[in-house]
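Student: Hi! Could you walk me through this one?
Tutor: Happy to, have a look here.

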Amino acid sequence: MRGKLMRVLVVIAMSVGSPVLAQGVHGASGIQAPNNTQAWARGGSVDAARQRAENERLERERQARIEREKKARQERERQARLERARQERERLARLERERQERERIARLERERQERERIARIERERQERERIARLERERQERERIARLERERQERARWNRDNPMHGRSASNSRHG
């Protein structure tokens, strides 16, 4: 039973490529090099250990390179996210500036229209006052003309009727 177990261990050790383990199990080997010398002689195991160490070093370097590439990719992605976020902030800031500019222009336009409306109302008020003044002046000229006509009419009547009304007033005074 123990012998079968050892053989299984040797096969397993050989299949996973560990000649040191395979050699350590009751000296089992059986693998021959092409030149018909034992592959796992003393010097061979040192070469194998060196090869394993080299393979492990290469694997560590490969893993380190993969990790560096992963970190570099993550950093590029992070920078890209930051750049997209910065561009989005700039876009939103630009939209906000444009909105504020539109509001400012609209406010200026409303103020201009209000000034024009007030100026129009003022012009209309001045025009009404001018028309009212002209109407008062016309009425005053008509009144003065009427008074002048009445005065001339009285003067003509007095001239045409010199004794009318005077005799009575004279007789009262006399």
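Student: Is R156 buried, partly exposed or exposed, and how is that decided?
Tutor: R156 is partly exposed, because its relative accessibility is 37%; buried means under 20% relative accessible area, exposed over 50%, and partly exposed in between, with a 1.4 Å probe and protein chains only. This is a predicted model, where local features need pLDDT of at least 70, side-chain atom pairs count only at pLDDT 80 or more, and totals for chains, interfaces and linings use all residues. Residues are numbered from 1 along each chain as its sequence is written, and side-chain values use heavy atoms, leaving out hydrogens and water.

Student: Which residue does R156 pair with?
Tutor: R156 makes a salt bridge with E153, at 2.5 Å from N to O. A salt bridge here is a side-chain nitrogen of Lys or Arg within 4 Å of a carboxyl oxygen of Asp or Glu. Both residues lie in helix α3, 3 residues apart, about one turn of the helix.

Student: Which residues are joined into one network?
Tutor: E54, R57 and E61 are, through salt bridges that share partners.

Student: How many salt bridges are there?
Tutor: The count is 29. Among them is E142 with R138, with the closest N and O atoms 2.3 Å apart.

Student: New topic: where is confidence lowest, and where highest?
Tutor: Helix α4 (residues 166-173) is lowest, with a mean pLDDT of 52, and helix α3 (residues 42-160) is highest, at 95. Helices are DSSP runs of H or I, at least four residues, numbered from the N terminus, and pLDDT is the predictor's confidence in each residue, from 0 to 100. Where pLDDT is low, the predicted coordinates should not be read in detail.

Notes:
Helices (H or I, at least four residues) and strands (E, at least two) are DSSP runs, numbered from the N terminus.
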